[in-house]
Amino acid sequence: MVEVKTKKLANFINGEWVDVEKTTSVINPATGEAILDVPLSDASSVEAAVQAAKKAQKEWAKVPAPERAEVLYRVGYLLKERKEELSQLLTMENGKVIDEARGEVQEGIDMAFYMAAEGRRLFGQTTPSELRDKFAMSVRAPIGVVGIITPWNFPIAIATWKSFPAIVAGNAVVWKPATETPIMAYELARIFEEAGLPKGVINVVFGSGSEVGDAMVHHDDIRVISFTGSNDVGRNIAAECGRQLKKVSLEMGGKNAVIVMDDADLNLAVEGILWSAFGTSGQRCTACSRVIVHEDVKEALEERLLVEMEKLTIGNGLDSSIKVGPIINKAGIEKIKKYIEIGKEEGAKLLAGGYELTDGDHTGGNFFAPTLFTDAKDSMRIAQEEIFGPVVSLIPVKSFEEAIEVNNSVTYGLSSSIFTKDVNRVFRAQRDLDTGIVYVNAGTTGAEIHLPFGGTKGTGNGHRDSGVQALDVFTEWKSVYVDFSGKLQRAQIDNN
Ligand code: UN1
């Protein structure tokens with residue numbers, strides 16, 4: 001088992017580890033034990049980080065992009081070398097089971113190599129000019145100092161989705177990681193340091209959203225905020241950024257559904273539902289929390305789901321036989337409990353789970369039994385609101401058209417999935433499902449890093465994480481005209 005290297009974390013500003021007096025404990029959600037202390041910084045740390053980033057960015061932007069990319073390649077190899085150690089630490093701070101932790105670190109490794117390769121692309125466009133002897137092109141320019149605010153549910157993957165494109169494009173970063181899961185941020189900062197990233201290009205400031213996040217959002221010199229987290233916080237950030245004309249990229253969750261049609265391979269559908277509803281204990285933005293099922297296969301699906309749910313082992317994710325880990329904290333448990341009550345009051349039928357596990361192996365941890373409601377209605381709150389726990393609600397429908405309508409009836413639009421063997425339904429579904437990510441014959445989770453990640457409607461504001469599209473968040477388009485005619489040519493005016 002890996003050891004935690006330090007008992008108290010420090011901010012990483014201008015390449016130095018800076019101690020902060022005020023701290024809070026990081027708790028292992030599987031055991032309730034305190035792992036280490038994390039700083040609760042204030043606005044002065046943000047100010048120091050921004051000043052360091054501003055200075056560093058001017059030089060970093062001048063480094064040729066392929067050379068900037070060299071650092072990311074080294075980061076990728078270091079992540080790869082430390083994959084097992086990082087995965088275990090991730091399970092300790094976040095709770096996700098070790099296999100999923102390995103998968104998450106792998107996303108970071110993939111993102112490093114993918115974005116490093118962008119160092120030799122960062123494609124712009126050349127375009128014919130209207131005038132003779134004039135050259136026109138548009139290039140991607142870095143924006144300057146960018147702020148990234150990352151969540152606890154994917155503390156390393158999402159940090160790489162945001163920081164790697166920002167860095168390869170020539171920006172400097174001020175990063176506020178979630179205080180629940182700071183070890184991944186600490187480890188990634190150490191890796192950047194070891195990989196030779198010039199000081200000040202990435203700065204990590206630990207602390208709360210209301211102090212550190214707020215100071216970042218309000219800081220004039222931070223020109224982009226990229227945020228993944230809750231809807232309320234995201235909307236407030238967007239309002240403030242709008243006021244300042246600051247670019248903002250938001251990813252704020254989902255109410256993702258698996259659609260099971262009457263011609264579906266039911267065993268496959270059950271596997272897909274279990275993996276995406278109860279993997280990470282339902283604490284993914286992409287987690288399946290609704291199953292829209294054709295009424296003809298509803299009973300058969302329920303039966304099979306119940307049989308398979310019985311087999312799910314719940315406990316400390318460091319034990320490789322465990323399938324479902326803990327919930328991040330007690331507040332998360334309370335929120336799930338509240339929704340269980342709401343579901344019952346609304347008249348959905350509780351088929352399995354619905355309770356917290358507190359005894360035996362579960363003592364001290366935050367464990368919740370995988371939960372299945374059936375006969376839910378589209379209008380119910382359990383079918384509309386994000387629960388962020390291992391709770392799934394079955395909604396019966398009579399047709400393909402109704403399934404699509406129910407899928408699209410929520411305010412979110414992140415991920416969706418359909419199980420069917422009918423090729424016409426496949427193509428209609430990929431066109432008509434109003435989500436940023438659509439799966440066919442697979443669950444709602446498992447996005448790959450080289451495709452854009454994000455959603456429609458209340459999930460975000462149109463920007464995407466990861467994929468080459470992430471570069472759009474961290475670059476400006478600059479149009480460049482070079483006149484080599486030797487005379488003043490006036491555009492849009494007859495020069496003859
Ligand atoms: C998230 O939950 O915010 O697609 C990220 C997936 C993972 C990433 C989830 N690759 O489920």
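Among contacts in the protein chain between residues at least 6 apart in sequence, what percentage join residues at least 24 apart? The figure is 72%. Keep in mind that this is a predicted model.

Now the overall picture. The protein chain has 14 helices and 23 strands. Its C-alpha trace spans about 80 × 60 × 40 Å along the principal axes.

Is Met 115 buried or exposed? It has 30 C-beta neighbours inside 10 Å, and the threshold for buried is 20 or more, so Met 115 counts as buried. Leaving aside residues up to four places away in sequence, Met 115 touches Leu 72, Phe 164, Pro 165 and Val 168. Val 173 is 58 residues from Met 115 along the chain, and their C-alpha atoms are separated by 16 Å.

Last, a helix pair. H7 is residues 209–218 and H8 is residues 231–244; their axes come within 10 Å and cross at roughly 30 degrees. Angles under 35 degrees count as roughly parallel, and therefore H7 and H8 are described that way. Their crossing is right-handed. On the H7 side the contact is made by Gly 209, Val 217 and His 218, and on the H8 side by Val 233, Ile 237, Glu 240 and Cys 241. By type, the residues of this contact are four nonpolar, two polar and one charged.

Technical notes: Residues numbered from 1 in each chain as written. Predicted model: local features only at pLDDT ≥ 70, side-chain atom pairs only at ≥ 80, totals over all residues. Helix = DSSP H or I, 4+ residues; strand = E, 2+ residues; numbered from the N terminus. Contact = placed C-beta atoms within 7 Å. Buried ≥ 20, exposed ≤ 12 C-beta atoms within 10 Å, placed from the backbone. Axes fitted to C-alpha atoms, helices over the stretch in contact; angles between N-to-C directions. Parallel < 35°, antiparallel > 145°, perpendicular 65-115°, else oblique. Left-handed = near helix turned anticlockwise from the far one by under 90°. Nonpolar A, V, L, I, M, F, W, Y, C, P; charged D, E, K, R; others polar.
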